[in-house]
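Biologist: I'd like to learn how to read a model like this one, feature by feature. Can you walk me through it?

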Amino acid sequence: MKGFIFDLDGTVYLGDRLIEGAAEAIQALRERGDKVVFLSNKPIATRQSYAEKLTQMGIPTTVDDVLNSSLIAARYLQQVLTPTDKVLVIGEQPIRDELSAHGIRMSEDPTEVTYVVLSWDRQFTYDGLNDLYQAAIRGAKVIASNPDRTCPLEDGQIPDTGAFIGALEGATGKPIDLVVGKPSPIAAEAAVRHLGLDYNACYMVGDRLETDIKMGNDTGMNSVLVLTGISTREMAERSEYNPRYILNSIKEIVNL
């Protein structure tokens with residue numbers, strides 16, 4: 001039995017367009033007894049919405065089949081927060097809802113928080129940047145949901161959480177404290193534990209070298225780059241993050 005951890009954007013679909021052969025490939029893996037989980041760094045949608053989207057695209061999926069950076073951030077905070085700690089959140093409603101569902105206390109006052117969750121926020125403002133900065137210089141630990149600089153769409157790319165990380169690091173002059181999504185070992189552990197398999201029996205399948213492939217390589221999984229999203233074959237040849245396999249698309253995954 002093998003375990004397959006699939007990225008979503010750029011791997012299974014692009015925007016609202018399913019990548020050709022994706023549904024058939026995932027069905028074939030499931031039918032032969034392999035395990036499948038979807039792992040997304042994208043924090044601006046709920047796991048339920050991902051499950052519904054995949055199901056509508058012809059890939060039957062329950063919410064338990066989906067892990068995302070919002071869930072991983074919430075679980076991490078549950079482990080490290082004390083009962084009096086509060087968290088400043090830079091992010092949209094889905095990640096706020098996930099944190100709330102896990103009992104995380106949030107505050108909009110940067111002077112009273114001990115942690116900051118920095119995530120993708122399409123309504124990000126200068127005031128938000130200032131709140132983020134004020135919390136950070138007062139010693140709040142900054143954890144990012146994901147480091148992705150951009151998110152792939154059908155017609156190009158748009159800025160992602162990495163852009164906001166860059167803004168904060170530019171202001172403070174120092175790196176943030178932690179990333180919990182891919183390529184973090186925290187994300188890898190969440191996916192592998194979900195599958196119930198050893199790392200070397202799992203395949204991390206994604207389109208981004210610095211997140212999907214790096215995480216797979218760092219944790220002893222089989223890394224698989226698909227060429228339907230961000231990274232190209234030429235980029236892989238020049239990269240320090242060398243995938244074990246390079247496929248034109250997810251359609252070819254059944255041939256590994």
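**Reading the model, feature by feature**

Modeller: Let's start with a cysteine: Cys202 is buried, with a relative accessible area of 0%. Keep in mind that this is a predicted model.

Biologist: What about Cys151, buried or exposed?

Modeller: Cys151 is buried, with a relative accessible area of 3%.

Biologist: And how many disulfides does the count come to?

Modeller: General idea first: a disulfide is a covalent bond between the sulfur atoms of two cysteines. Here the count comes to 0 disulfides.

Biologist: Okay, zooming out. What does the secondary structure of the protein chain come to?

Modeller: You get 9 helices and 14 strands. The C-alpha trace spans about 55 × 35 × 30 Å along its principal axes.

Biologist: How do I read the radius of gyration of the protein chain?

Modeller: Set the value beside what a compact globule would have. For 256 residues that would be near 18 Å, and the protein chain has 18 Å, so the two agree. Buried residues make up 55% of the 256 residues. Then look at contacts between residues at least 6 apart in sequence: 66% of them join residues at least 24 apart.

Biologist: Now the rings. How many aromatic pairs are there?

Modeller: In general, a pair of aromatic rings is described by the distance of the centres and the angle of the planes. In this model the count comes to 5 aromatic pairs. One of them is Phe4 with Tyr203, which is stacked, at 5.0 Å centre to centre and 15 degrees between the planes. That pair links distant parts of the chain: Phe4 belongs to strand 1 (residues 3-6) and Tyr203 to strand 12 (residues 202-206), 199 residues apart.

Biologist: Why do Phe4 and Tyr203 count as buried?

Modeller: The cut-off for buried is under 20% relative accessible area. Phe4 has 0%, so Phe4 is buried. Tyr203 has 9%, so Tyr203 is buried too. Ring pairs also link Phe4, Phe6, Phe38, Tyr203 and Tyr245 into a cluster.

Biologist: Which charged ends sit over rings?

Modeller: Take Lys53, whose charged end sits over the ring of Tyr13, 3.9 Å from its centre. There is also Arg122, with its charged end over the ring of Trp120 and 5.9 Å from the centre.

Biologist: Let's pick a single residue. Where is Ser145?

Modeller: Ser145 is in the loop between strand 8 (141-144) and strand 9 (150-153). At 1% relative accessibility, Ser145 counts as buried. Leaving out residues up to four places away in sequence, Ser145 touches a list of residues including Pro43, Ile95, Trp120 and Gly181.

Biologist: Which side chains make polar contacts with the side chain of Ser145?

Modeller: The Ser119 side chain makes one, at 3.1 Å. Asn146 is joined to Ser145, side chain to side chain, by a polar contact of 2.6 Å. As for Ser119, look in the loop between strand 7 (115-118) and helix 5 (126-137). Ser119 is buried, with a relative accessible area of 0%.

Biologist: How do I compare sequence separation with distance in space?

Modeller: Ser145 and Lys182 are 37 residues apart along the chain, and their C-alpha atoms are separated by 8.7 Å. Ile143, found in strand 8, gives another case: Ile143 and Gly181 are 38 residues apart in sequence and 9.8 Å apart in space, C-alpha to C-alpha. Ile143 counts as buried at 2% relative accessibility.

Terms used
Residues are numbered from 1 along each chain as its sequence is written. This is a predicted model: local features need pLDDT of at least 70, side-chain atom pairs count only at pLDDT 80 or more; totals for chains, interfaces and linings use all residues. Side-chain values use heavy atoms; hydrogens and water are left out. Helices (H or I, at least four residues) and strands (E, at least two) are DSSP runs, numbered from the N terminus. Buried means under 20% relative accessible area, exposed over 50%, partly exposed in between (1.4 Å probe, protein chains only). Contact means heavy atoms within 4.5 Å. A polar contact is a pair of N or O atoms within 3.5 Å; within protein, one must be able to donate a hydrogen and the other to accept it, and residues adjacent in sequence count only if both atoms are side-chain atoms. Rings of Phe, Tyr and Trp (its six-membered ring) pair if their centres lie within 6.5 Å; planes under 30 degrees apart count as stacked, over 60 as edge-to-face and the rest as tilted. A charge sits over a ring if NZ of Lys or CZ of Arg is within 6 Å of the ring centre and within 35 degrees of the ring normal. A disulfide is a pair of cysteine sulfur atoms within 2.5 Å. The radius of gyration is taken over C-alpha atoms; the globule rule is 2.2 Å times the number of residues to the power 0.38.
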